[in-house]
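Student: I have a model open and some terms to sort out. Can we go through them one by one?

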Amino acid sequence: MKSAGKQQVKNKFGQYFTPKIVADFMIGLADILPNSKILEPSCGEGVFLDLLQKKGYSDITAYEIDDDLAKDFSNVHYESFVNANIKEAYDLIIGNPPYIRWKNLEDNLKQELSTNPLWNKYCNSLCDYLYIFILKSIELLNENGQLIFICPEYWMNTTHSVSLRNYMVEHGYFEEIYHFNETPIFEKVTVSSNYFNAA
Ligand SMILES: C[S@@+](CC[C@H](N)C(=O)[O-])C[C@H]1O[C@@H](n2cnc3c(N)ncnc32)[C@H](O)[C@@H]1O
């Protein structure tokens, strides 16, 4: 990835990193024990990993597609989370997944999605890359596991997201949803976002 410009990589992979204060708030929503198994599926620079480690959690696994990021952490798999062969289940999956409209996705990421059974079953070309992160994360939760993501809110109200919403309520329940409307959480981005905490 070294040859591509920084901005190009940022757009290609949806690299908008979570401010520490927001990540800290989200971790505070988790109901976990020191030995809980935790997954960050798209860790970016590692803000969640850093905070979780400082709070004493040690069983943390992460994925990140850009191998220039999160170099200071030892538990990062540099491969796409989408088709990664993950055998474990987790008590907490937390993070800020990439949001990229299907039409803006790179060909190789579209190609990967086209072979993903969850994507093929629940999504179409109006859906966002974010959706596969929600679906696959729910599949990877332990019984009583928690999923806490910050993301744009269009999954809640668009017609093409109905299969995703049905999947979510059939496989768990929402504990809390926080709306941030247009509060500028990410640098240089205006997006209406929400966190959700589902179990
Ligand atoms: C919105 S950023 C958030 C990063 C980090 N979770 C945070 O909260 O700061 C999304 C991250 O997902 C990574 N990413 C994009 N596609 C991915 C994939 N298929 N598998 C794993 N990581 C991916 C991007 O490189 C980027 O670092």
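Tutor: Start with a pair of helices: the crossing of α2 and α3 is right-handed. The contact involves Lys20, Ala23, Asp24, Met26 and Ile27 of α2 and Val47, Phe48, Leu51 and Leu52 of α3. Contact means heavy atoms within 4.5 Å. This is a predicted model: local features need pLDDT of at least 70, side-chain atom pairs count only at pLDDT 80 or more, and totals for chains, interfaces and linings use all residues. Residues are numbered from 1 along each chain as its sequence is written, and side-chain values use heavy atoms, with hydrogens and water left out.

Student: Why are α2 and α3 called oblique to each other?

Tutor: Helix α2 (residues 20-28) and helix α3 (residues 47-54) pack at about 55°. Under 35 degrees counts as roughly parallel, over 145 as roughly antiparallel, 65 to 115 as roughly perpendicular and the rest as oblique. Therefore α2 and α3 are oblique.

Student: What makes helix α6 largely enclosed by the rest of the structure?

Tutor: Nine of the 10 residues of α6 (residues 130-139) are buried, so the helix is largely enclosed. Buried means under 20% relative accessible area, exposed over 50%, partly exposed in between (1.4 Å probe, protein chains only). Among the buried residues are Tyr131, Phe133 and Lys136.

Student: Why is strand β4 called largely enclosed?

Tutor: Five of the six residues of β4 (residues 90-95) are buried, so the label applies.

Student: How do you know that β1 and β4 pair?

Tutor: Pairing needs at least two bridges found by DSSP between the strands. Two bridges join β1 (residues 38-40) to β4, and the strands run parallel. Leucine 39 stands opposite isoleucine 93. Five bridges join β4 to β5 (residues 141-152), also parallel. There, isoleucine 93 has leucine 147 as its bridge partner.

Definitions and conventions
Helix = DSSP H or I, 4+ residues; strand = E, 2+ residues; numbered from the N terminus. Axes fitted to C-alpha atoms, helices over the stretch in contact; angles between N-to-C directions. Left-handed = near helix turned anticlockwise from the far one by under 90°.
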